[in-house]
Amino acid sequence: MRIAVSSDMDEPIARQAVEELRRRGHTVQVFGALRDGDRADWAWSAEAAARAVASGAADQAVVCCWTGAGASMAANKVPGVRAALCGDAYSARGARVWSDANALALSLRLLSGGLLAEILDAWFAAGADQDRDAEDRANIAHLGAIESAPSPESAPSAQNAPPSENAPAAGVSAVSASERA
Ligand SMILES: O=C(CO)[C@H](O)[C@H](O)COP(=O)(O)O
C-alpha cells in the first residue's frame, strides 16, 4: 500500500513508524516534521497526509502528533478521510473493520516501539469488510451522508431518525417562537 505519514514532531517513534511501514512492504510518503521544507504544525502536517489519501496519491495515512488528537481532527476535516485515534491493537482493528477508517492517528507521547508494532499489525491484518455487519455498513454510509449534507434536514437518513425531545410529535404542529412569547 501507499501510506502517507505525517508528524508535527521529528520524534524517534515517528521515524520508527515510517521504518515499520517500510519493513511491512508499504511505500511511504512523509509530511510535516519528517520532510524538509514542510510546515510541521499538526493541523498542516496531518492535513497534507490526509489530502494525499483524498486525492488518491496514497491509499491510507498515518498521522501523528503528541496526543494524536489534533492530527486526527485535522485529517478528519478532509472530505473522504476517516481518521481514528488508536492507542491499542483492539481499537486499531475495530477502526478498520467496523468504521472503515483510512487514516490511523497516533499519539507520539503514548507509543512505545512494541505498542506501535501491535497497532500496525492489527490495522493491516484487518480485512476491509471482514466481520462488518449491516449495522456497521449503515454507520459507515452515514458518515458519507453527514459529510455531504449541507444541513441535518437534508441528510438522506433524516426521515428515519428518531424524534428528538424538542421535535413535535407526529400530527402536532410546531409552536412558533412568536406564539410562545
Ligand atoms: O498533540 C498535539 C496536538 O493535538 C501537539 O503535538 C501538541 O499540542 C504540541 O503542539 P505544539 O508544539 O504546536 O504546541
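Buried residues make up 39% of the 181 residues in the chain, where buried means under 20% relative accessible area, exposed over 50% and partly exposed in between, with a 1.4 Å probe and protein chains only. The model is a predicted one, in which local features need pLDDT of at least 70 and side-chain atom pairs count only at pLDDT 80 or more, while totals for chains, interfaces and linings use all residues. Residues are numbered from 1 along each chain as its sequence is written, and side-chain values use heavy atoms, with hydrogens and water left out.

The chain contains 7 helices and 5 strands; helices (H or I, at least four residues) and strands (E, at least two) are DSSP runs numbered from the N terminus. Their order along the sequence is β-α-β-α-β-α-β-α-β-α-α-α. With contact defined as heavy atoms within 4.5 Å, 65% of the contacts between residues at least 6 apart in sequence join residues at least 24 apart. The chain exposes about 10000 Å², of which carbon and sulfur atoms supply 53%; accessible areas come from the Shrake-Rupley method with a 1.4 Å probe, and for residues only the protein chains shown count as cover.

We can turn next to the interior. A nonpolar core is a set of buried Ala, Val, Leu, Ile, Met, Phe, Trp, Tyr and Cys residues joined through side-chain atoms within 4.5 Å. The largest such core has 26 residues, and those with the most contacts inside it are Val5, Val62, Leu104 and Leu106. At least two residues of this core come from each of strand 1 (2–7), helix 1 (12–23), strand 2 (27–32), strand 3 (60–65), helix 4 (89–97), strand 5 (103–107) and helix 5 (113–125). Another core lies apart from it, with 19 residues that include Ala46, Ala52, Ala58 and Cys65. Beyond its neighbours within four places in sequence, Val5 is in contact with Val18, Leu21, Val28, Gln29, Val30, Phe31, Leu34 and Val62.

Leaving aside neighbours within four places in sequence, the contacts of Ser6 are Phe31, Leu34, Ser45, Ala46, Ala49, Val62, Val63 and Cys64. Ser7 is also found in strand 1, and its relative accessibility of 0% is why it counts as buried. Residues up to four places away aside, Ser7 touches Ala14, Phe31, Gly32, Ala33, Leu34, Ala40, Ser45, Cys64 and Leu108. The side chain of Ser7 reaches the backbone oxygen of Met9 at 2.6 Å; a polar contact here is a pair of N or O atoms within 3.5 Å, where within protein one must be able to donate a hydrogen and the other to accept it, and residues adjacent in sequence count only if both atoms are side-chain atoms.

Met9 also belongs to the ligand's surroundings, together with Asp8, Trp42, Cys65, Trp66, Thr67 and Gly70; a residue is near a molecule or strand if one of its heavy atoms lies within 4 Å of it. This shell divides into 4 nonpolar, 2 polar and 1 charged residues, with Ala, Val, Leu, Ile, Met, Phe, Trp, Tyr, Cys and Pro counted as nonpolar, Asp, Glu, Lys and Arg as charged, and the others, Gly among them, as polar. A polar backbone atom of Trp66 is 2.8 Å from an oxygen atom of the ligand, and a backbone N or O atom of Thr67 lies 2.8 Å from a ligand oxygen. For Gly70, a polar backbone atom is 2.9 Å from an oxygen atom of the ligand. Taken alone the ligand exposes 370 Å², and the protein buries 57% of that.

Gly70 is also one of the buried residues of helix 3 (residues 69–76), along with Ala71, Ser72, Ala74 and Ala75. The cover over these buried residues includes helix 2 (42–55), strand 3, strand 4 (83–85) and strand 5.

Strand 5 holds Ser107, which is buried because its relative accessible area is 6%. The side chain of Ser107 reaches the backbone oxygen of Trp66 at 2.8 Å and the backbone nitrogen of Leu110 at 3.1 Å. Not counting residues up to four places away, Ser107 touches Cys65, Trp66, Thr67, Gly68 and Leu85. Finally, the loop between helix 4 and strand 5 contains Asp100, whose phi is near 55 degrees, a positive value in a residue other than glycine.
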